[in-house]
Amino acid sequence: MLFALVPSENKLKSSNSPPSEELIGKLVDQYGDDVLRLAYMYLRDRQLAEDAFQEVFIKVYKKYHTFRKDSGEKTWLMRITINVCKDMLRGFWWKRVKTTFLPEQPDDQGTPEQLVTARDANRRLWEEVLRLPPLLKDAVILYYYEEMETPEISQVLGVPEGTVRSRLHRARTALKTNWKGGD
Amino acid sequence: MEPLDRFRHIAKDQVKELTVSPELKQATLRRIRLEQQKSRKPVRWIWPAISSSAAALALVLVLFLNSGAFNMDSGSRPGISQGIDDPNPPNIAGEPPDPGFTVMNDPEAGLFSHHGNEADPAPQAYVIEGEPVPLPAYVPAGFQLRNAVMNESGRRLELQYILLEKGDGFSLVIEKQDQAETMDSPVIVSTEPLTAEWDYGPWHYTLTGQLAADEANAIAGSVVLPTGSETK
């Protein structure tokens, strides 16, 4: 099966020449926030997420000629981001990254006790999800946070759609078992 | 609300303040410029090396082709990718076609499509990426394999079974994965129609159709490698 190198919507001059700085700048403007936020979901540290962000776009610069238009640019970027984060996490196995649960906006509804309880429940759920096994966490983040459909997740992760569905199912089951936060 | 639906809101709330600062963008673009400078330097001397290498390669190729050593006979290569223009391709295990099957070329169905006759023999061996596909040894009474379709990528096989008296049926999709999963027990992901999924080493199975859950479990539990094969 042949994959044709097709110029993206950002109009490369030729499929084998590296992208221009201007093109990378446009990609940063268009997808930068998504890349940074996805990196944060994995690395749970802003500084590390920004390091990953730079690595992602360096890879984008180096590998743009391999980009196939059968997936969208965002799908491709998400895949690179996940791989960069996983590489970084492998290198940081000795470092315990404490999850920072950022302060939420004050909510006028409910008593102070109710607000504290709700906040604690949210924090615990956040931590439980980020503690899921990597294969399940990938699917959960892309489906629930990025709101991708399973065919797109399948392209990002490079696994069949059936595998994506089964991982989501297992994640839901695992959370029901592990998280008994109030509903 | 399901926990993960709540997670969606929590996650969005957590990261909404996280945006790319102008400093981060400039730092990234600076690094891109450095990469550009690195990649430009060898241009002057590399072209003569590339052109002489290309000429040498072309000469070797011409000599090789003229020697007759390269045999284009595709019939000697078993595999799923051949036979699309051949009205009677060999089956994908490389053996002569079974006279019990009518082989049809259906571009919409995939690279090959086998439609069984009334009295179907047992399913043949199927191969994906050089590996024999583990198949269920058990099929509920009365069901017969009627159709086997491989998709264009050659990594997804769909077997369609039918109960002749009633017209009920089910499909079993088998996909090759890059890494082995650990879902050994079938998981019922929906009941209308019944959909069950499980893994067997690097193979992912999705069964959909008019079956009871215990029959789906029995099918899943009977998956074995073809005789004489070994699991990786």
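# Exercises on a predicted two-chain model

Phe53(A) and Phe57(A) sit four residues apart, about one turn, within helix H2 (residues 46-63) of chain A; helices (H or I, at least four residues) and strands (E, at least two) are DSSP runs numbered from the N terminus. The model is predicted, so local features need pLDDT of at least 70 and side-chain atom pairs count only at pLDDT 80 or more, while totals for chains, interfaces and linings use all residues. Residues are numbered from 1 along each chain as its sequence is written, chains are lettered from A and ligands numbered from 1 in the order in which they are written, and side-chain values use heavy atoms, with hydrogens and water left out.

**Exercise 1. Classify the ring pair Phe53(A) and Phe57(A), then the pair Trp198(B) and Tyr205(B).**

Step 1. Recall the rule: rings of Phe, Tyr and Trp (its six-membered ring) pair if their centres lie within 6.5 Å, and planes under 30 degrees apart count as stacked, over 60 as edge-to-face and the rest as tilted.

Step 2. The ring centres of Phe53(A) and Phe57(A) are 4.9 Å apart and the planes stand at 55 degrees, so this pair is tilted.

Step 3. For Trp198(B) and Tyr205(B), the centres are 5.3 Å apart with planes at 0 degrees, so this pair is stacked.

Step 4. Check the burial, where buried means under 20% relative accessible area, exposed over 50%, and partly exposed in between (1.4 Å probe, protein chains only). Phe53(A) and Phe57(A) are both buried, and both Trp198(B) and Tyr205(B) are buried as well.

Step 5. Phe143(B), Tyr161(B) and Phe170(B) form one aromatic cluster.

**Exercise 2. Which residues have the most contacts inside the largest nonpolar core?**

Step 1. A nonpolar core is a set of buried Ala, Val, Leu, Ile, Met, Phe, Trp, Tyr and Cys residues joined through side-chain atoms within 4.5 Å.

Step 2. The largest one has 63 residues, and those with the most contacts inside it are Ile24(A), Phe57(A), Val60(A), Val140(A) and Phe7(B). Helix H1 (residues 21-43) of chain A supplies the largest share, 13 residues.

Step 3. Leaving aside residues up to four places away in sequence, the residues that Ile24(A) touches (contact: heavy atoms within 4.5 Å) include Phe57(A), Val60(A), Leu29(B) and Ile32(B).

Step 4. A second, separate core has 26 residues, among them Leu159(B), Tyr161(B), Leu172(B) and Leu207(B).

**Exercise 3. Where in chain B is confidence lowest, and where is it highest?**

Step 1. The predictor's confidence in each residue is pLDDT, from 0 to 100. Chain B has a mean of 71.

Step 2. Confidence is lowest in strand E1 (residues 101-104) of chain B, with a mean of 36, and highest in strand E5 (residues 135-136) of chain B, at 90.

Step 3. Residues 73-122 of chain B have pLDDT below 50. Where pLDDT is low, the predicted coordinates should not be read in detail.
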